[in-house]
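Here is a structure for us to go through slowly, by asking what each term rests on. Please look at it first, and then follow the questions below.

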Amino acid sequence: MKLCGSNYPLSIAFIVVNEFCERFSYYGMRAVLTLYFLSFFHWDENLSTAVYHAFSALCYFTPVIGAIMADSWLGKYKTIIYLSIVYVVGHLIKSVGAIPSLGNQAVHVVLSMVGLFLIALGTGGIKPCVSAFGGDQFEEEHTSERSKFFSIFYLSINAGSLISTFVTPVLRGDVKCFGEDCYALAFGVPAALMVLALVVFIAGSGLYRKTPPQGNVLLEVCKCIGFAIKNRLKNRSREIPKRDHWLDWASEKYSKQLIGEVKMVTRVLFLFIPLPMFWALFDQQGSRWTLQATKMNADFGIYVLQPDQMQFLNPLLILVFIPIFDLGLYPLIDMCKFNFTPIRKMATGMILAGLAFGLAAIIEIKINETDMPQLVPEESLIRVLNLAKNPVQVTIQEKDLFQQPVETFQNPAEYSKLILNGEQQSLRFTLQHQGLTLAFNYTVKEKSVYSLIVFEAEGSLSSRLITDLEAKPENGLAAVRFINGLSQDVNLTIDSRKFIAVQKNYSPSEYSLLERDRYNNGKCITETGEFPLELGLLDFGASYTIVITNISGGAVKTWKSEDIKANNVHMAWQLPQYLLISAGEVMFSITGLAFSYSQSPASMKSVLQAGWLLTVAVGNTFVLIVAEAAPMAQWAEFVLFTVLLFAVCIIFSIMGYFYVSVDPEDLEEKEEKRETSSRGNMIGLVTQKTKL
């Protein structure tokens with residue numbers, strides 16, 4: 001059956017819809033994965049990054065398994081069906097593992113890891129099968145239609161990726177379930193899309209052309225290479241004549257045609273050796289770049305972007321850049337008579353990705369300017385909040401701090417560094433107020449942050465040493481605590497969800513984490529009644545202390561202090577790095593696929609496709625090794641990857657300079673002529689010997 005009287009089989013509609021749903025499912029789930037590890041499991045950034053890239057690497061190792069199953073055992077159709085079922089089960093387990101009320105953290109981790117393993121097996125296993133199965137639906141004479149199908153197929157991949165990376169973070173952050181971000185829904189919707197993908201694919205079963213398995217070329221290539229190496233090691237004697245190429249040592253078992261084709265493939269695979277470094281940088285969009293976005297200002301005026309939503313820029317820019325490059329940039333370069341070879345395009349893509357990480361390092365340095373100082377042993381931070389009616393002079397035993405009196409309700413300067421003589425130290429604090437001198441003793445611990453609250457209670461001066469946050473709140477949340485300056489206990493309601501009880505006489509509350517927003521509809525409930533409470537803007541990544549001073553005019557009067565500065569670097573500054581790395585992907589990835597396809601014989605296309613996918617897997621493996629084995633400041637890690645990619649780019653350029661581009665068909669014709677000529681000479685020799 002054809003589509004609307006064209007030469008397009010009706011079956012490809014089911015395949016394209018299936019691919020759209022599957023890509024929506026995969027990219028949507030992966031978009032929120034790093035923040036899931038960070039916020040739901042409370043893992044640190046390095047462990048979250050390592051597990052994210054371990055999963056990504058597994059997704060690009062498993063296509064080899066899928067290709068072997070399809071070509072040697074089940075065929076493409078059954079492989080897609082069976083592994084899609086595994087895929088769906090993985091999604092369902094992953095979604096169940098994100099329900100907070102279901103067991104403890106160990107249960108959540110086990111369910112999530114099992115789910116991710118099954119998802120990696122499913123998505124990787126069907127990856128080499130679906131596009132090839134779509135190509136199988138066309139008659140041999142309909143080559144132009146098949147070519148357009150692959151374009152539509154690629155468009156469906158990017159459309160699924162674009163929509164899911166924008167929508168899924170909204171489901172995570174804007175929808176609340178179980179009192180927190182709704183990861184169960186963020187994973188559940190991709191699971192539903194994968195179920196739909198499987199149903200759509202099965203619905204078209206009666207329309208498909210299903211080719212039986214015909215043997216796996218990849219296995220034959222591996223066996224040929226293995227036999228050549230083994231045979232060479234066995235015959236290391238100097239008396240045995242050398243052969244022109246190391247693969248010629250497989251000639252005792254394999255045909256010259258296969259050996260010749262493997263030679264062509266190994267030439268290209270040798271060029272693939274430096275390529276994993278590009279993918280090591282590229283795939284950090286979902287890990288390190290997302291973590292960077294959590295430390296930035298995401299307010300775009302009309303819309304507040306979730307940090308994991310920035311990933312949607314990549315598929316969007318890819319769809320924009322492909323026609324711009326193919327129809328504008330490349331023809332313009334050709335008009336300038338510059339030989340922009342595929343190797344040069346790929347090297348340029350590497351340079352652009354390196355520049356993107358250079359920009360990421362600069363942004364990370366600017367972000368760190370609002371961070372709390374890193375404390376070392378025998379070191380603490382302290383400041384003074386004067387809530388009394390008059391200035392107070394504060395001195396600390398044997399410490400040269402707070403030279404000037406602290407004004408009443410003075411916005412505190414940055415924290416002062418307090419050097420201790422051990423892990424903890426008991427210090428004497430002296431307060432001078434209106435001619436009176438009062439002393440208080442407090443124990444201060446190392447690597448801690450403190451506020452000394454000075455206030456008047458029952459007609460005399462008093463103080464209290466309270467512990468502050470040591471680092472910025474995670475994921476762009478705002479932290480707020482209250483100090484109750486009233487003579488009665490209060491209960492506070494913020495945004496109809498947060499209920500906070502604060503005792504009287506300048507007692508502090510615990511910190512509460514809130515989404516960035518303006519909170520002007522709060523309530524303060526006291527013994528005398530209920531009063532409106534306005535907190536104003538609680539900004540991204542900031543920490544606040546709000547002092548309830550009094551109640552007058554039917555409203556609560558407060559004083560707000562910003563303890564930790566808000567994120568002041570806007571998320572829009574990530575746009576240049578996304579532009580660079582997306583342009584680099586177009587030059588590197590699309591060009592690399594086309595180049596490797598053109599340099600391999602027809603029977604070896606799948607082998608090079610497997611080799612290309614393995615470069616992605618190796619790149620992700622490298623990232624998880626760096627994240628776990630060599631933890632360093634984030635900006636320094638970005639610089640490291642930049643330097644490594646530039647170094648690899650130089651190596652790749654040198655390798656490409658000595659690479660001689662070939663036409664596989666020409667080599668095959670030469671090989672056939674050489675074999676024919678060789679057979680002719682052998683026949684002549686045999687005839688001559690018979691006459692003698």
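Q: Why are Y36 and F40 separated by about one helical turn?
A: In this predicted model, Y36 and F40 are separated by about one helical turn because they stand 4 residues apart in helix α2, which covers residues 33–40; helices here are DSSP runs (H or I, at least four residues), numbered from the N terminus. Residues are numbered from 1 along each chain as its sequence is written. Local features need pLDDT of at least 70 and side-chain atom pairs count only at pLDDT 80 or more, while totals for chains, interfaces and linings use all residues, and side-chain values use heavy atoms, without hydrogens and water.

Q: What makes Y36 and F40 a stacked aromatic pair?
A: Rings of Phe, Tyr and Trp (its six-membered ring) pair if their centres lie within 6.5 Å, and planes under 30 degrees apart count as stacked, over 60 as edge-to-face and the rest as tilted. With 5.0 Å centre to centre and 20 degrees between the planes, Y36 and F40 form a stacked pair, and the structure holds 46 aromatic pairs.

Q: How do you know that E19 forms a salt bridge with R23?
A: A salt bridge needs a side-chain nitrogen of Lys or Arg within 4 Å of a carboxyl oxygen of Asp or Glu, and the closest N and O atoms of E19 and R23 are 4.0 Å apart. Because these two residues are 4 residues apart in helix α1 (residues 11–31), about one helical turn separates E19 and R23. The structure holds 20 salt bridges.

Q: Which side chains meet in a salt bridge at 3.0 Å, N to O?
A: The side chains of D299 and R516 meet at that distance. Between domain 2 and domain 4 the count is 1 salt bridge.

Q: What is the area buried between domain 2 and domain 4?
A: Buried area is the accessible area (1.4 Å probe) that two parts lose on being put together, summed over both, and for domain 2 and domain 4 this comes to about 690 Å², with carbon and sulfur atoms giving 48%. On the side of domain 2, T294, T370 and N567 lose the most area to domain 4, together 57% of what that side buries.
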